[in-house]
2 protein chains.
Amino acid sequence: MEHTLDALKQKLYDRECKLTPQRKVIMEIFTQNPEKHLSAEDVYGMVKKTHPEIGFATIYRTLDLFAELGILQRIDFGDGRGRYEFGESDVHHHHHLICLKCGTVAEFDDDLLDGLESVIEKRNGFEVVDHQLKFYGYCNKCR
Amino acid sequence: MEHTLDALKQKLYDRECKLTPQRKVIMEIFTQNPEKHLSAEDVYGMVKKTHPEIGFATIYRTLDLFAELGILQRIDFGDGRGRYEFGESDVHHHHHLICLKCGTVAEFDDDLLDGLESVIEKRNGFEVVDHQLKFYGYCNKCR
DNA sequence: GTATCTGCAAACTCTTTGCAAAAAC
DNA sequence: GTTTTTGCAAAGAGTTTGCAGATAC
């Protein structure tokens with residue numbers, strides 16, 4: 001499951017959706033910033049440099065669509081705005097280290113929770129589809 | 001660290017804050033619903049039964065204050081509204097099982113992550129203060 | 001008595017929606 | 001050509017803020 005324009009095109013085609021320049025540009029933003037967790041406003045600001053006529057509504061609709069297509073994943077850091085990154089939820093899990101002072105978000109890889117999911121299914125009768133793990137604290141610079 | 005009116009009174013006193021009827025009522029709401037994850041609107045609805053004159057602003061300000069006092073903990077389930085529960089973040093951790101269909105939130109206890117925190121401190125130079133773990137999926141009734 | 005707190009309404013932020021014009025296929 | 005998509009502006013949800021009057025201590 002690669003994050004390329006071709007993959008996007010295919011997924012759009014499967015859904016009878018169209019590949020518009022706006023969608024292309026937004027896709028490029030994410031391929032060029034694979035490590036970041038971009039809010040709608042972040043994307044808007046970046047897109048506007050090359051496509052000043054683009055509207056906020058398009059950003060929101062596109063992020064929403066990409067999330068449904070499984071290309072992006074919506075994350076919520078509790079700061080009141082949604083953020084998006086490439087969605088590889090079923091491939092490997094990375095979690096987030098959120099600095100309470102400067103707000104930067106680092107990543108942390110771990111497979112530890114995969115075992116936990118089956119425990120939960122048995123113990124609680126809850127079928128786990130996804131999980132999110134966030135650590136709050138102070139990063140290298142701020143501690 | 002008990003969740004009693006006396007504890008509240010003491011914490012308010014330490015901060016030179018006053019114990020008003022509104023704050024008392026909101027505290028009672030949480031002691032009477034220790035298992036729930038209440039939004040501002042939830043609290044507003046419950047408070048209004050006995051104190052119809054209370055305003056939304058007071059709810060928000062009180063929840064905010066209680067969170068600062070360490071009495072409540074704000075949680076974000078990604079549904080666009082903040083939720084609150086008693087904060088026992090440094091005592092024991094419970095995590096949340098969020099049903100994608102009916103929206104109910106169940107709890108799940110585990111200490112597994114405590115070991116992980118020290119790994120993160122060493123590996124990433126990140127000082128962990130708190131963590132939140134959420135599992136998304138389908139509950140008993142909805143699966 | 002004085003500083004804090006409340007209730008109200010207005011403002012603010014993030015996000016969604018309705019609609020006519022524009023563009024992809 | 002037809003259906004989807006866009007841009008705009010207006011509406012919507014949740015939350016915050018300013019202020020004058022009320023209240024805890």
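## Ground rules

A polar contact here is a pair of N or O atoms within 3.5 Å; within protein, one must be able to donate a hydrogen and the other to accept it, and residues adjacent in sequence count only if both atoms are side-chain atoms. This is a predicted model, where local features need pLDDT of at least 70 and side-chain atom pairs count only at pLDDT 80 or more, while totals for chains, interfaces and linings use all residues. Residues are numbered from 1 along each chain as its sequence is written, chains are lettered from A in the order in which they are written, and side-chain values use heavy atoms, with hydrogens and water left out.

## Around His96(B)

Let's start with one residue. His96(B) sits in strand β4 (residues 94-99) of chain B; strands are DSSP E runs of at least two residues and helices are H or I runs of at least four, numbered from the N terminus. With a relative accessible area of 5%, His96(B) is buried (under 20%; exposed is over 50%, partly exposed in between, using a 1.4 Å probe and protein chains only).

Its side chain makes a polar contact of 3.4 Å with that of Glu85(B). Leaving out residues up to four places away in sequence, His96(B) also touches others, including His37(B), Phe77(B), Val105(B) and Phe135(B) (contact means heavy atoms within 4.5 Å).

## Where A meets B

The two chains put 35 residues each into the contact. Between them they bury about 3,200 Å², 62% of it on carbon and sulfur atoms; that's the accessible area (1.4 Å probe) the two parts lose on being put together, summed over both. Phe126(A), Phe135(A) and Tyr136(A) supply 19% of what chain A buries against chain B, more than any other three residues.

Polar contacts link 10 residue pairs between chain A and chain B, both residues at pLDDT 80 or more. On chain A's side, β6(A) gives the most, with 12 residues.

## Strand pairing

β6(A) also pairs with strand β6 (residues 127-138) of chain B, antiparallel over 11 bridges (pairing takes at least two DSSP bridges between two strands). Asp130(A) stands opposite Tyr136(B) there.

Chain B has an open, antiparallel sheet of three strands in the order β1-β3-β2. β1 (38-39) and β2 (72-76) are at the edges with a single partner strand each, so one side of each has no neighbour in the sheet. Five bridges join β2(B) to β3 (residues 82-86), with Arg74(B) partnered by Tyr84(B).
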